[in-house]
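This briefing is meant for a reader who is meeting the structure for the first time. Please look at the sequence and the model below, and then follow the notes by topic.

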Amino acid sequence: MSWIFHADQPIYLQLRRYLTEAIVTGVYAPGQRLPSVRELAMEAGVNPNTMQRALTELEQDGLISAQATVGHFVTSEEGQIRMVHRAMAVEKAKEFLRAMQSIGCSPREAIALLEKIKEEHHEPIGMQGTD
């Protein structure tokens with residue numbers, strides 16, 4: 001996983017986003033044990049306390065659970081993961097539409113552009129697991 005941090009947002013929130021994306025994209029599967037807090041912190045180059053704060057946020061989001069002395073596990077509730085995935089996709093779509101609107105494109109024009117790109121590249125442009 002590539003850990004790139006920006007000064008405009010607290011590190012723990014960025015860690016939370018990276019780990020959430022890793023869960024919803026299947027890097028960490030439902031029910032899988034996550035690396036230890038220290039391992040994740042070392043990999044990301046952050047203080048273990050900062051990583052623990054991000055993991056606590058993920059627990060509150062219902063994406064992981066902590067088991068004393070065993071570690072953190074991704075939720076087995078795939079519906080919860082799909083719900084978070086959908087919310088992230090909606091937010092990304094809104095960001096895209098805002099960006100397109102800022103350069104004078106209507107939502108209809110933005111969608112038409114995506115369809116054209118999809119046809120030209122013969123590649124699916126969409127979310128995994130959605131219709």
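The face of helix α2 that is turned away from its buried side carries Arg 38 and Met 42, both exposed, where exposed means over 50% relative accessible area, buried under 20% and partly exposed in between, with a 1.4 Å probe and protein chains only. The model is a predicted one, in which local features need pLDDT of at least 70 and side-chain atom pairs count only at pLDDT 80 or more, while totals for chains, interfaces and linings use all residues. Residues are numbered from 1 along each chain as its sequence is written, and side-chain values use heavy atoms, with hydrogens and water left out.

**Helix α2**

- Helices (H or I, at least four residues) and strands (E, at least two) are DSSP runs numbered from the N terminus, and in α2, residues 37-44, the buried residues are Val 37, Leu 40, Ala 41 and Ala 44.
- These residues lie on the same side of α2 because they cover an arc of only 100° around the axis, the arc being that of the directions from the helix axis to the C-beta atoms.
- The cover over the buried residues of α2 includes α1 (11-24), α3 (48-60) and β2 (71-74).
- Just after α2, a positive phi of about 75° is found at Gly 45.

**Trp 3**

- Trp 3 belongs to the segment before α1, and with a relative accessible area of 12% Trp 3 is buried.
- Apart from neighbours within four places in sequence, Trp 3 is in contact (heavy atoms within 4.5 Å) with Leu 15, Tyr 18, Leu 19, Glu 43, Ala 44 and Met 51.
- The C-alpha atoms of Trp 3 and Val 46 are separated by 9.9 Å, although the two residues are 43 residues apart along the chain.

**Gln 80**

- Gln 80 is placed in helix α4, residues 78-102, and counts as buried because its relative accessibility is 19%.
- When neighbours within four places in sequence are left aside, Gln 80 is in contact with Asp 61, Gly 62, Leu 63 and Thr 75.

**The packing of α4 and α5**

- Helix α5 (residues 107-121) packs with α4 at an angle of about 110°, their axes being 9 Å apart; axes are lines fitted to C-alpha atoms, for helices over the stretch in contact, and angles run from 0 to 180 degrees between N-to-C directions.
- In this packing, Phe 96, Leu 97 and Met 100 in α4 meet Pro 107, Ala 110, Leu 113 and Leu 114 in α5.
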